[in-house]
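Welcome, and thanks for taking a look at this one. Please open the model and keep it to hand while you read.

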Amino acid sequence: MAEIFEMGIADIRSGVASGDFTAKEVAETFIARVSAAKSLNAVLVETPDHALAAAEATDKAKAAGETLGKMAGVPIGMKDLFCTEGVATTAGSLILEGFTPQYESTVSSNLFKAGAGMLGKLNMDQFAMGSSNETSAFGNVISPWRRNDGGNTDLAPGGSSGGSAAVVSGRICPAATGTDTGGSIRQPAAFVGITGFKPTYGRCSRWGTIAFASSLDQAGPMAHDVRDCAIMLEAMAGFDPKDSTSLELPVPEWEAGLKSDLAGKRIGIPKEYRVDNMPSEIDALWQQGIEWLKDAGAKIVDVSLPHTKYALPAYYIIAPAEASSNLARYDGVRYGMRDLPDGAGLQDMYAATREAGFGPEVKRRIMIGTYVLSAGYYDAYYTQAQKVRTLISQNFDKTWESCDLLLTPTAPSAAFGLGEKSDDPLAMYLNDVFTVPSSLAGLPAISVPAGLDGQGLPLGLQIIGKALDEQSVFNAGLALEERAGFVAKPEQWW
């Protein structure tokens with residue numbers, strides 16, 4: 001039997017149910033891993049008591065012969081964007097330092113009801129704004145991976161769910177929650193060699209999740225493999241009357257529906273994703289992915305998404321615009337930080353609090369968003385971006401007439417070194433070039449680890465599906481996973 005810390009959700013759940021080990025033993029194993037992993041700066045708040053209490057409840061339920069939940073005995077990491085009752089929640093920002101919610105987000109509540117325990121709150125880019133986890137007010141998360149060139153360069157784990165990516169890849173937590181606004185589950189998953197899933201917009205409630213861009217934000221699982229993501233998403237998802245964008249639909253049994261036979265499926269290869277200067281290793285992996293899906297029985301078709309080239313600029317108008325509105329609530333009056341200079345008035349307090357509490361990237365996006373929403377530029381920028389968003393969605397709708405799924409790379413490069421792109425916001429934004437279009441359209445997508453580059457770093461492939469067709473996305477991801485046989489993992493990180 002493998003070491004407990006090497007196991008994912010399915011194996012832990014099975015082992016607890018069969019009596020191979022107790023949920024408490026699992027919790028204690030991962031609590032020790034969290035405590036030992038401080039050098040990665042991935043965990044902002046450790047919550048061993050929560051993990052142990054959930055484990056003890058699972059062991060008690062098993063002893064009583066009760067039916068165990070989907071996540072029974074599985075301790076997880078919680079991205080610090082999800083409000084957790086009685087546990088500090090900061091969204092990676094100083095402006096929320098000291099904020100302790102008196103309520104539980106719907107996603108975390110659903111997971112805890114399913115039997116999961118919480119090992120800790122995970123570091124992230126401030127307010128989920130970033131692609132490298134370098135914008136956190138509490139320091140960079142360091143990827144557990146290293147290049148094989150003999151150097152000691154600290155690598156970015158991706159963002160904004162960088163803490164989640166690092167703890168799953170480093171076997172510090174068997175799984176973690178993430179959020180995806182423009183690729184913040186899929187890109188970090190690709191950077192660290194794990195699986196990340198963004199469901200259809202509305203599958204998971206946004207209630208109790210600190211908002212970045214409300215029409216884009218969506219929670220999802222980050223785990224070792226496709227099956228674990230399916231299990232976790234079943235526990236996370238579901239209608240929530242407290243969220244007006246939540247879909248009032250039953251949650252499918254995605255785990256039970258998993259199959260890697262793609263006979264009859266048509267996989268589209270969008271020509272617009274062949275961007276200039278794409279590394280040859282990523283292009284070669286994409287071609288290998290095509291062969292793997294053919295081997296699984298799929299038919300490959302060439303398709304076009306002509307407005308894809310406008311997706312990134314449209315996203316970086318829409319998302320900052322929504323952020324500038326959402327973040328206006330942080331003013332020093334009701335919660336979090338308050339900076340009140342001597343003799344200051346109300347407006348002075350607002351300005352001082354936001355100056356001290358928001359980081360440079362958050363300020364940049366607030367200013368962009370405020371600008372594009374201003375009276376003189378609303379139609380020129382925001383209205384145009386929304387029109388482009390509609391065209392992008394229509395492109396996908398048209399494409400589904402000739403294919404069932406799309407295969408693309410997840411990210412345009414492997415993980416880069418911390419600091420290598422932080423001085424160039426545009427270069428950083430280009431990390432989302434393959435993930436943003438499906439986010440604008442609200443479509444489900446998965447990143448599956450599929451190979452290594454020449455420096456020994458993970459590369460991912462992305463499957464995009466039709467709205468509400470998570471099952472087909474999971475199944476195609478499973479077909480890639482089985483054929484890629486990706487077993488690489490980072491060397492010991494302490």
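This is a predicted model: local features need pLDDT of at least 70, side-chain atom pairs count only at pLDDT 80 or more; totals for chains, interfaces and linings use all residues.

Residues are numbered from 1 along each chain as its sequence is written, and side-chain values use heavy atoms, with hydrogens and water left out.

**The largest pocket**

- The largest pocket holds about 410 Å³ of space; a pocket is an open set of points on a 1 Å grid over the protein atoms alone, where a 1.4 Å probe fits, with protein on both sides within 12 Å along at least five of seven lines. Grid points are joined across faces, edges and corners, and the volume is the space filled by probe spheres set on the points.
- Its lining has 23 residues, and Arg171, His224, Asp225, Phe486 and Val487 lie nearest the centre; lining residues have an atom within 4 Å of a point.
- Two or more lining residues come from each of α1 (9–18), α7 (226–236), β10 (445–452) and α15 (470–484); helices (H or I, at least four residues) and strands (E, at least two) are DSSP runs, numbered from the N terminus.
- The most is given by α1, with three residues.
- By class, the lining has ten nonpolar (Ala, Val, Leu, Ile, Met, Phe, Trp, Tyr, Cys and Pro), eight charged (Asp, Glu, Lys and Arg) and five polar residues (the others, Gly among them).

**The nonpolar core**

- The largest nonpolar core has 148 residues; such a core is a set of buried Ala, Val, Leu, Ile, Met, Phe, Trp, Tyr and Cys residues joined through side-chain atoms within 4.5 Å, where buried means under 20% relative accessible area with a 1.4 Å probe, protein chains only.
- Helix α9 (residues 311–326) gives the most to this core, with ten residues.
- Phe474 is among the residues with the most contacts inside the core, and it touches (heavy atoms within 4.5 Å) residues including Phe197, Trp254 and Ile446.

**Strand β10 and its partners**

- Seven of the eight residues of β10 are buried, so the strand is largely enclosed by the rest of the structure.
- β10 pairs in the antiparallel sense with β5 (residues 195–198) over three bridges; pairing needs at least two bridges found by DSSP.
- Phe197 stands opposite Ile446 in β10.
- β10 also pairs with β11 (residues 458–465) in the antiparallel sense, over seven bridges.

- Val43 belongs to strand β1 (residues 43–46).
- Val43 and Asn123 are 80 residues apart in sequence, with 5.6 Å between their C-alpha atoms.

Notes
Buried means under 20% relative accessible area, exposed over 50%, partly exposed in between (1.4 Å probe, protein chains only). Lists of a residue's contacts leave out its neighbours within four places in sequence.
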